[in-house]
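Hi everyone, thanks for making time for this one. Please bring the picture up on your screens, and then we'll walk through it together.

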Amino acid sequence: MIPFKSLLSLDAGSAQAVYVQLANGLIRLIRSGVLRPGTKLPSVREMAGLLEIHPKTVVAAFEEMVSQDWIYSKPRSGMIVSEELPELKPKTFQQMKKGVWGRSGSGEGDAV
């Protein structure tokens, strides 16, 4: 079994919600190849026990990962790492400025 307790760092005192920390940690494990496509994740109850957190926290993390297509639910099997992982496309500085200010940020229109 994968040693999730030692691979995931969760800080209840952090400004970031624990379920987000868990989801990001699992995504990091997927991206680094520790969790490969097709890998079955522990059940909610088992993961909660391993990490000493509430099961609802695990459910929230799994739901977030499902919504981003990192994992999927297989009936009577549990959560499985997706075969086709989402593409992460880095944003350019111009795209980030548009996302923050809703336009190019210069007041001169949206010429890119």
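**Where the helices meet**

Let's begin with a contact, meaning heavy atoms within 4.5 Å. From helix 2, the residues Val18, Tyr19, Leu22, Ala23, Leu26, Ile27 and Ile30 meet Thr57, Val58, Ala60, Ala61, Phe62, Glu64 and Met65 of helix 4. By helix I mean a DSSP run of H or I with at least four residues, by strand a run of E with at least two, and both are numbered from the N terminus.

A word on what we're looking at. This is a predicted model, where local features need pLDDT of at least 70 and side-chain atom pairs count only at pLDDT 80 or more, while totals for chains, interfaces and linings use all residues. Residues are numbered from 1 along each chain as its sequence is written, and side-chain values use heavy atoms, with hydrogens and water left out.

Back to our pair. How do helix 2 and helix 4 pack? Helix 2, residues 18-31, and helix 4, residues 55-67, pack at an angle of about 50°, their axes 8 Å apart. Axes here are lines fitted to C-alpha atoms, for helices over the stretch in contact, and angles run from 0 to 180 degrees between N-to-C directions. That makes helix 2 oblique to helix 4; under 35 degrees counts as roughly parallel, over 145 as roughly antiparallel, 65 to 115 as roughly perpendicular, and the rest as oblique. Helix 2 passes helix 4 in a right-handed crossing, where the near helix is turned clockwise from the far one by less than a right angle.

Helix 4 has another partner. With helix 3, residues 44-51, it packs at about 115°, with the axes 8 Å apart. Val44, Met47 and Ala48 of helix 3 make that contact with Pro55, Val58, Val59 and Phe62 of helix 4.

Now for the loop. Gln16 sits between helix 1 (4-7) and helix 2. Is Gln16 buried, partly exposed or exposed? Its relative accessible area is 37%, so Gln16 is partly exposed; buried means under 20%, exposed over 50%, and partly exposed in between, with a 1.4 Å probe and protein chains only. Leaving aside neighbours within four places in sequence, Gln16 touches Gln21 and Asn24. Ala12 lies in that loop between helix 1 and helix 2 too, and at 72% relative accessible area Ala12 is exposed. Ala12 and Ile53 are 41 residues apart in sequence and 9.6 Å apart in space, C-alpha to C-alpha.

On to the strands. Strand 1, residues 71-74, and strand 2, residues 78-81, run antiparallel and are joined by four bridges; a pair needs at least two bridges found by DSSP. Ile71 stands opposite Val81. The two strands form a hairpin with three residues between them, and Arg76 in the turn has a positive phi of about 65°.

Finally, the whole protein. Its elements run α-α-α-α-β-β-α from the N terminus. Of its 112 residues, 27% count as buried.
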